[in-house]
Protein chains: 2
Amino acid sequence: MTNKRVQLGRKILSANEEYAQENQNLLREKGKYCLNMISSPGSGKTAILARTISDVRDRVKIGVVEGDIQTDIDAERIRATNAPAIQINTDGACHLSATQVNAALHQIGLNELDLVVIENVGNLVCPTAFELGEDGKVVVLSVAEGDDKPAKYPAIFSKAKVLLLNKIDLVNMGAVDFDVDKAMADAKRLNKDIEIFCISAKTGEGMADWYDWLIRKAGK
Amino acid sequence: MTNKRVQLGRKILSANEEYAQENQNLLREKGKYCLNMISSPGSGKTAILARTISDVRDRVKIGVVEGDIQTDIDAERIRATNAPAIQINTDGACHLSATQVNAALHQIGLNELDLVVIENVGNLVCPTAFELGEDGKVVVLSVAEGDDKPAKYPAIFSKAKVLLLNKIDLVNMGAVDFDVDKAMADAKRLNKDIEIFCISAKTGEGMADWYDWLIRKAGK
């Protein structure tokens, strides 16, 4: 990498960090907890969110900022639960920026919410490098992706507060080979404080513990 | 995006394109066919390659350039089939560059091979924008990722010569909900010439048609 490229890279990151700080100030001023959800495409982020919103609606009011390259398929799935969702289309870009999230936070109706979840673009690599002003990152790993993913994509597992090991029903029925203990041990080796929940957004298995964590963090 | 950033982005792409051209010249001069395999993490690229190498070894000699952020887990899986594999660790970067591939092509022993497969970093977005000098791209989609992926990540489906719809055994056993016809129709809408093979690298289902395509392209 040339010096010029490194310098410009730093400038872009630092403009992002300024907006991330502004987002964090806004969220703290309003007393709202915020999570940045990161995973590969198709790990089940939207399914987890839609089920969570429905199941905890009497305790926690959740709003969602949806990041996608194209389409508003995911925001529509969230709106079907009657939760507010702001769709951001990145138009090819591989991650959300704090600037985009800032605009969404001003539209979502923060005063009516307890918790904001930002569903990032499906990408296990790039979104990790861009702070959005969140209180914590949640990494979702579908068991169909394989138990070597914490070792192969360590950055997000090192930084996340929570790992949701999703589609655990596929392990239980013997449909995929996935060593749960190995994946959990690798994630803990990278990040001893990471909270891990084995869940299935499809069957509901394991979701209650994740809800308890979320309700606690939302101050409820 | 500032003008300066756009200009620098263009310069980086164009340096990549120069190396991509050099790679293409080298491959054509030696008469070797080359594929660039792109997918989300955990769609099964390495499993597909390992089974393909073993099953076609009497017809086609395959070498693999392995792109990963960290670890040489994938190269070791390929070497277990006795095929040559050159591991590139991108050290955090989200895609392979033509420069990295150029170095690997000079190490892999091209003269002994019929076909080179570049297994890109697991990322459905960024690798699509960087030509490596290949004859064609192969996109792999695991049915566990959901049938909305062609619509949500259109760039790679628009550019690929082949779509491998992997883990089709999970659809057959009813373990995941995935509308094969919808995914295929969406991919064809983006790219009418795309060749689609429904396969399972685990059970071997559908692999024979993919092998026929590969053997034809390798000029065998």
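View 1. Although K167(B) is not a glycine, its phi is positive, at about 65°. Most residues other than glycine have a negative phi. The model shown here and in the other views is predicted, so that local features need pLDDT of at least 70 and side-chain atom pairs count only at pLDDT 80 or more, while totals for chains, interfaces and linings use all residues. Residues are numbered from 1 along each chain as its sequence is written, and chains are lettered from A and ligands numbered from 1 in the order in which they are written.

**View 2. D91(B), an exposed residue with a positive phi.** D91(B) lies in the loop between β3 and α4 of chain B, and its phi is near 55°, a positive value in a residue other than glycine. D91(B) counts as exposed, with 8 C-beta neighbours inside 10 Å.

**View 3. D148(A), in a loop of chain A.** The loop between β5 and α5 of chain A holds D148(A), which is buried, with 20 other C-beta atoms within 10 Å. From the C-alpha atom of D148(A) to that of A47(A) the separation is 23 Å, and these two residues are 101 residues apart along the chain.

**View 4. The seven-stranded sheet of chain B.** The strands of this open sheet follow the order β3-β2-β4-β1-β5-β6-β7 (chain B), with parallel pairing, where two strands pair if DSSP finds at least two bridges between them. At the edges stand β3 (85–89) and β7 (195–198) of chain B, each with a single partner strand, so one side of each is left without a neighbour in the sheet. On average, and with direction ignored, neighbouring strands of this sheet are turned by 20° against each other. Five bridges join β2(B) to β3(B), which run parallel, and in β3(B) the residue A85(B) is the bridge partner of V64(B). Between β2(B) and β3(B) the chain passes through helix α3 (residues 73–79) of chain B in a right-handed β-α-β crossover, a term that applies if, with the strands pointing away from the viewer, the path from the first strand over the helix to the second runs clockwise.

**View 5. I118(B) and the nonpolar core.** The largest nonpolar core has 134 residues, and I118(A) and I118(B) are those with the most contacts inside it; such a core is a set of buried Ala, Val, Leu, Ile, Met, Phe, Trp, Tyr and Cys residues joined through C-beta atoms within 7 Å. Two residues are in contact if their C-beta atoms, placed from the backbone, lie within 7 Å, and, leaving aside neighbours within four places in sequence, the contacts of I118(B) include C34(B), M37(B), V65(B), L96(B), V101(B) and L132(B). In β4(B), I118(B) stands opposite V65(B), and five bridges join β2 (residues 62–68) to β4 (residues 115–119) of chain B, which run parallel.

**View 6. Helices across the sheet of chain B.** Helix α2 (residues 45–56) of chain B lies across β1 (33–39), β2, β4, β5 (136–142) and β6 (162–166) of chain B, and runs at about 160° to β4(B), where axes are lines fitted to C-alpha atoms, for helices over the stretch in contact, and angles run from 0 to 180 degrees between N-to-C directions. Helix α4 (residues 98–107) of chain B lies across β2, β3 and β4 of chain B, at about 155° to β3(B).

**View 7. Strands β5 and β6 of chain A.** Five bridges join β5 (residues 136–142) of chain A to β6 (residues 162–166) of chain A, and the two strands run parallel. Here S142(A) stands opposite N166(A) in β6(A).

**View 8. Where chain A touches chain B.** The contact takes 33 residues from chain A and 33 residues from chain B. On the chain A side, α1 (3–30), α5 (149–152) and α6 (154–159) each supply at least two residues.

Conventions:
Buried ≥ 20, exposed ≤ 12 C-beta atoms within 10 Å, placed from the backbone. Helix = DSSP H or I, 4+ residues; strand = E, 2+ residues; numbered from the N terminus.
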